[in-house]
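Good morning, and thank you for the time.

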Amino acid sequence: MLQTPDSAFVSTLVAGGSEGTYFNDLITLGWPGISPLDVKHPITVIEVRHGWVVDALNITYKLKDGTTKQIKHGAESGGNSTVIQLSEDEVLADISGKAGYHSYYKKALVCQLSLVIFNEKTSTFRTVGPLGNGDNTNQGAVFHDAGTLAFAGYETSGAQTGISGLSFITSKAWE
């Protein structure tokens, strides 16, 4: 567990593989120290590039000072693009998908993602996905996480299969 004076962060195990370069968006945003994220509404936009697998993630984070920062992971081209905008009233409630060995690419990858977004004002949910699995093979093992604040994992920049593994960072505020 990663701790700061205002919160404790927990990172899940990696879903998928570990090929490529490790990334941790919380560290990229300036942690350790006081959490740079607006933990009530940390994510404003998620772009998922996908085809047979998840090729890229571009995440825009909202910081405590009200500014935003975009962090890109994975392939630089290819695949379909799905942009998910989160309003000021919305949070990423759950992320799920399939990750593991893909028989065509002959390596472990993030094969599919689905996101559940909760609107705190209207108490309604919306689901985006599944994204990926464009070859309809349903490869990989199921994973899910609730309350994701930031992403970590493994990426191969420039490669079409740019996201080999994902881990999800959540927080528990000190009581």
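I begin with residue classes: Ala, Val, Leu, Ile, Met, Phe, Trp, Tyr, Cys and Pro count as nonpolar, Asp, Glu, Lys and Arg as charged, and the others, Gly among them, as polar. By these classes, the lining of the largest cavity holds two nonpolar, six polar and two charged residues.

The model is predicted: local features need pLDDT of at least 70, side-chain atom pairs count only at pLDDT 80 or more, and totals for chains, interfaces and linings use all residues. Residues are numbered from 1 along each chain as its sequence is written, and side-chain values use heavy atoms, with hydrogens and water left out.

On a 1 Å grid over the protein atoms alone, a cavity is a set of points where a 1.4 Å probe fits but cannot get out; a pocket is an open set with protein on both sides within 12 Å along at least five of seven lines, and lining residues have an atom within 4 Å of a point. Points are joined across faces, edges and corners, and a volume is the space filled by probe spheres set on them.

How much space lies in the largest cavity? The answer is about 30 Å³. Its lining includes Trp 52, Cys 111 and Asp 135.

The largest pocket has about 190 Å³ of space. Among the residues that line this pocket are Val 39, Lys 40 and Glu 120. By class, the pocket lining has seven nonpolar, three polar and two charged residues.

Finally, the C-alpha trace of the protein chain spans about 45 × 35 × 25 Å along its principal axes.
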